[in-house]
Amino acid sequence: MTVRPKYKRIILKLSGEALAGDKGFGINQDVIDAIAVQVKEIVKLDVEVSIVVGGGNFWRGRSHEGMDRTTADYMGMLATVINSLALQDSLENIGIMTRVQTAIEMRQIAEPYIRRRAVRHLEKGRVVIFAAGTGNPYFSTDTTASLRAAEIEAEVILLAKKVDGVYDSDPVENPNAKKYEDLTYIEVLKKGLKVMDSTATSLCMDNKIPIIVFSLKNPENIKRVVLGEKIGTYVKEEDLC
């Protein structure tokens, strides 16, 4: 029986911390290689895959109050480029054509972000990795994922995290934390849940882009979500019926 994916074009959002694995800092090559294998699996299903990677495994923002916020944010953007190049290398090592597009021009190592070119790459079966955030300070990589999803008309954002969904409190600190199976954008905003930042969530709400939050501890979850299996937390617009 032919396996049919639920989605044709996706944005996979990976946190920088997830790429560090148990090391907590830097790049864990085993983790990146495992992600690359799963991306290859869904590319083989004719799913068009684009990826946004965070930079928290290298840089988490201002290291002290005296540091300029804009400078700190640009440093974070450069951290995402390091992660994107590492992921590109791992994907190409297993035969997946990949392009890195950066919001800040650095032509010697990556293409500048051009929407039409990105869409054309996807149509040709190439994986596109969006690096350097939006190119602007004060915007997170979550917002980058939402913005790029709207621009390339992705059907869903797959938000791969260390936890297996969205909880009403930190499940690490509170063993009785309640996990949500489904949420609306408004509920996320009103309850202040840590899915994405409010700018990113609002952008998804305005453009009706669903978000699926799931754990990356098992990299095979990426394929399971693409095939429509119910895991993690599903965030979408409110049902009016």
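**Aspartate 164 and the chain around it**

Good morning. I begin with aspartate 164, which lies in the loop between strand E6 (156-161) and strand E7 (166-167); strands here are DSSP runs of E with at least two residues, helices are runs of H or I with at least four, and both are numbered from the N terminus. The model is predicted, so to speak of local features requires pLDDT of at least 70 and side-chain atom pairs count only at pLDDT 80 or more, while totals for chains, interfaces and linings use all residues. Residues are numbered from 1 along each chain as its sequence is written, and side-chain values use heavy atoms, with hydrogens and water left out.

Is this aspartate buried, exposed or partly exposed? Aspartate 164 has 34% relative accessibility and therefore counts as partly exposed (buried is under 20% relative accessible area, exposed over 50%, partly exposed in between, with a 1.4 Å probe and protein chains only).

Leaving aside residues up to four places away in sequence, aspartate 164 touches Lys179, Val213, Phe214, Ser215 and Gly232, where contact means heavy atoms within 4.5 Å. Its side chain also forms a polar contact of 2.6 Å with the side chain of tyrosine 167. A polar contact is a pair of N or O atoms within 3.5 Å; within protein, one must be able to donate a hydrogen and the other to accept it, and residues adjacent in sequence count only if both atoms are side-chain atoms.

Buried residues make up 50% of its 241 residues. The C-alpha trace spans about 60 × 50 × 35 Å along its principal axes.
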